[in-house]
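This briefing is intended for a reader who wishes to work through the model by topic.

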Amino acid sequence: MSNPLGSQAVTAGPATPARPRPPLRIGTTILHLVTLGLFGSLVFALTMVLLGVGLGLTLVFGIGLLFLVALVYVLFGIAWFEIERVNGLYALDGPSLRTAPQRGAGLGGFLRTLGAQVIDARMWQGIASFTVAGLLGLVLIACAQNAVWGLAATGLSAGGRSVEYHPALGPLFIAQYSALHPLVYLGIAVLSVAAMVGIALLHRLITIWIAGAGAEAAQLQDAARIAEQQRAGAVRAADVERTRLERDLHDGVQPRLVSVGMTLGLAQQQIESDPDGAKALIAEAHTSTKAAITELRQLARGIHPSVLEDRGLDAALSALAGRSHIPVALDVQLAARCSREAETAVYFVIAESLTNAAKHSRASELRVTVRLRDRTTLWARVEDNGAGGARVLPGGGLDGITNRVLAAGGTFRLDSPLGGPTSLEVGIPCAS
């Protein structure tokens, strides 16, 4: 088990569906829109400055290109903020916005990555949502101003004082003449408040639609990526298992059976001239045949142990720990049985971990812990006090563990600093 960097993690699993009915949260939405209306113009000005400076200085030794690159990642930051804001405001479960994956090394790879970021549809959806929210925020601020003015004018007019409204300077109250009936001012305030609520509802409708469309596409992409990981993991796991079986048959059972055939051939030649010697050879062949049968049973047990099927994971792991060359402290607490696929995956992960520890870790003790978490995930942890430094290598034991976990849609984490200790954790969905 070896990784000089310390830990590795691999995660696979189904995307979490978004909630069908987001909460209203009118008051919080109004506060969001007021904030975006006040500061959105500053953000817009910053992006325009970066765009203008970038285009203006592009011909000056390419300096402007640096500003354009900065603009791309400023836009990404705006979109990321907007998606997180909408997800948090309306309790959506949409995935976070991620930067485009690296498309190669060097300058060419960076430019391809930058181009992929520029054409990222979800980033532009986030920017569109932010822009709409900022514009709605400006309208909402104007409605709030009218509401305050209407309420104040209602009180002044009802008290016999004159009222005048100056739109350039905001609400001004000048005792000159009563222009309108107090109920008119009250109506203006009520309509302004109603408009604020309507703007908040409109914001909810638009942003959820934009975020929902982007989240659905991102979830489909994640599901496709996870399915591809699971398919590739299953293929690699099957290939590693096939290679192991071929090696075990070639190095173990096959030579023994060849030896049995040669011994029986010698016995056949000696059966008339040396009956006693032939009987000894036949007895030797009989012993070798029984040993070959035992090895074949062990191989069959390695494919799928019958005790796991009949008595469950606890009994199968107890038998596995009993055959280990290193003392194993086994702690299995399972309130119920999990699916056959999940139990098989965890069994083989632990079996391969014990084998790796015996071969490479120089450990003197092992601890295996298995739990059923929330009745949905079969979780296991294997720890040893060995030398550490484990890492995943193609075709190695840890690679086989990773592939099997990915194929089962689970999670895998390895922590193995140099000098030890080494710990490996896996979580497999029970319905895998």
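The largest cavity has a volume of about 60 Å³. The model under discussion is a predicted one. Its chain comprises 10 helices and six strands, and 38% of the 432 residues count as buried.

**Cavity**

- The lining of the largest cavity consists of 11 residues. Those nearest the centre are Ile 83, Gln 125, Gly 126, Ile 210 and Ala 211.
- Helix 2 (63-89), helix 4 (121-158) and helix 5 (182-270) are the elements that each give two or more residues to this lining.

**Contacts across the chain**

- Taking contacts between residues at least 6 apart in sequence, 70% of them join residues at least 24 apart.

**Nonpolar cores**

- The largest nonpolar core contains 36 residues. Within this core, the residues with the most contacts are Leu 313, Leu 317, Tyr 347, Ile 350, Val 370, Leu 378 and Leu 424.
- At least two residues of this core come from each of the following elements: helix 8 (313-322), helix 9, strand 3 (366-373), strand 4 (377-384), helix 10 (397-407), strand 5 (411-415) and strand 6.
- Helix 9 supplies the largest share of this core, with 10 residues.
- There is also a second, separate core of 21 residues, which includes Leu 36, Leu 71, Phe 76 and Phe 130.

**Disulfide and cysteines**

- The count of disulfides is one. The bond joins Cys 338 to Cys 430, with an S to S distance of 1.8 Å.
- This pair links distant parts of the chain, its members being 92 residues apart. Cys 338 lies in the loop between strand 2 (328-333) and helix 9 (340-361), whereas Cys 430 lies in the segment after strand 6 (422-429).
- The link of Cys 338 and Cys 430 is left-handed, with -135° about the S-S bond.
- Cys 338 counts as buried because its relative accessible area is 13%, which is under the 20% limit.
- Cys 430 is likewise buried, with a relative accessible area of 14%.
- Cys 143 has a relative accessible area of 14% and is therefore classed as buried.

**Ser 423**

- Ser 423 has its place in strand 6.
- The relative accessibility of Ser 423 is 10%, so this residue counts as buried.
- With residues up to four places away in sequence left out, Ser 423 touches Arg 381, Val 382, Glu 383, Arg 413, Leu 414 and Asp 415.

**Thr 47**

- Thr 47 is found in helix 1, which spans residues 26-56.
- Its relative accessible area is 8%, and Thr 47 is therefore buried.
- Apart from residues up to four places away in sequence, Thr 47 touches Leu 71, Val 74, Leu 75 and Ile 78. One of these, Leu 71, is also included in the second core.

Notes
Residues are numbered from 1 along each chain as its sequence is written. This is a predicted model: local features need pLDDT of at least 70, side-chain atom pairs count only at pLDDT 80 or more; totals for chains, interfaces and linings use all residues. Side-chain values use heavy atoms; hydrogens and water are left out. A disulfide is a pair of cysteine sulfur atoms within 2.5 Å. Helices (H or I, at least four residues) and strands (E, at least two) are DSSP runs, numbered from the N terminus. Buried means under 20% relative accessible area, exposed over 50%, partly exposed in between (1.4 Å probe, protein chains only). A nonpolar core is a set of buried Ala, Val, Leu, Ile, Met, Phe, Trp, Tyr and Cys residues joined through side-chain atoms within 4.5 Å. On a 1 Å grid over the protein atoms alone, a cavity is a set of points where a 1.4 Å probe fits but cannot get out, and a pocket is an open set with protein on both sides within 12 Å along at least five of seven lines; lining residues have an atom within 4 Å of a point. Grid points are joined across faces, edges and corners, and a volume is the space filled by probe spheres set on the points. Contact means heavy atoms within 4.5 Å.
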